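Keep the 3D view open as you read.

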Amino acid sequence: MQTNQETDNLEKYGRGGVEGRLLARFRRVLVAQTAALCPQRLLDAGCGEGVATAWLAAAAPAAAVTGLEARADARAAFARALPGATVLDGDIHALPFAEGAFDL
């Protein structure tokens, strides 16, 4: 599995301007919709360092949270940021889960 990534994934979360406003709006909508769904099992495929996963976890505190990420450094950051969640090495093009394993 190739894990080439030419950008700093975390950098986008600290940007301002139009990009920062778009990300803030995305976060508001994502959190509101996640909270409304009340998932019990949540998957973030391509979770990176877990920034957006933390938003999801906060919006669904009863959910069992799983992240899937190919980059080892991102998985390590995820594990530090979300110690109660599970993070697995994997490829979003070949999910290692059964159909229906997650609510969201």
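In this predicted model, helix α3 has four buried residues: A74, R75, A77 and F78. They sit on the same side of α3, because together they span an arc of only 165° around the axis. Turn to the other side of α3 and you will find D73 and R80, which are exposed. What lies over the buried residues of α3? The cover includes α2, β2 and β3.

Begin with T53, which has its place in helix α2. Is T53 buried or exposed? With a relative accessibility of 0%, T53 is buried, because the cut-off for that label is under 20%. Leaving aside residues up to four places away in sequence, T53 touches D44, C47, V65, F78 and L82.

Apart from residues up to four places away in sequence, A60 touches T34, P39 and L42.

Then find A85, in the loop that runs between α3 (72-81) and β3 (86-89). Which residues does A85 touch, if those up to four places away in sequence are not counted? They are V65 and F78. A85 and A57 are 28 residues apart along the chain, and their C-alpha atoms are separated by 8.6 Å.

**Salt bridges**

Now for the charged side chains. How many salt bridges are there? The count comes to 4.

| Pair | N to O distance | Relative accessible area |
|---|---|---|
| D103 and R41 | 2.6 Å | D103 41%, R41 37% |
| E49 and R71 | 3.5 Å | E49 9%, R71 12% |
| R75 and D89 | 3.3 Å | R75 18%, D89 48% |

Let's take the pairs in turn. D103 and R41 form a salt bridge with the closest N and O atoms 2.6 Å apart. This pair links distant parts of the chain, as D103 is in the segment after β3 and R41 is in strand β1 (residues 41-45), 62 residues apart. D103 is partly exposed, and R41 is partly exposed too.

For the second pair, E49 forms a salt bridge with R71. E49 is in the loop between β1 and α2 (51-59), while R71 is in the loop between β2 (64-69) and α3, so the pair ties together parts that are 22 residues apart in sequence. E49 is buried, and R71 is buried as well.

R75 is buried at 18%, whereas D89 is partly exposed at 48%.

One last thing to find in the view is a network: E49, E69 and R71 are joined by salt bridges that share partners.

Definitions and conventions
Residues are numbered from 1 along each chain as its sequence is written. This is a predicted model: local features need pLDDT of at least 70, side-chain atom pairs count only at pLDDT 80 or more; totals for chains, interfaces and linings use all residues. Side-chain values use heavy atoms; hydrogens and water are left out. Helices (H or I, at least four residues) and strands (E, at least two) are DSSP runs, numbered from the N terminus. Contact means heavy atoms within 4.5 Å. Buried means under 20% relative accessible area, exposed over 50%, partly exposed in between (1.4 Å probe, protein chains only). The arc is that of the directions from the helix axis to the C-beta atoms.
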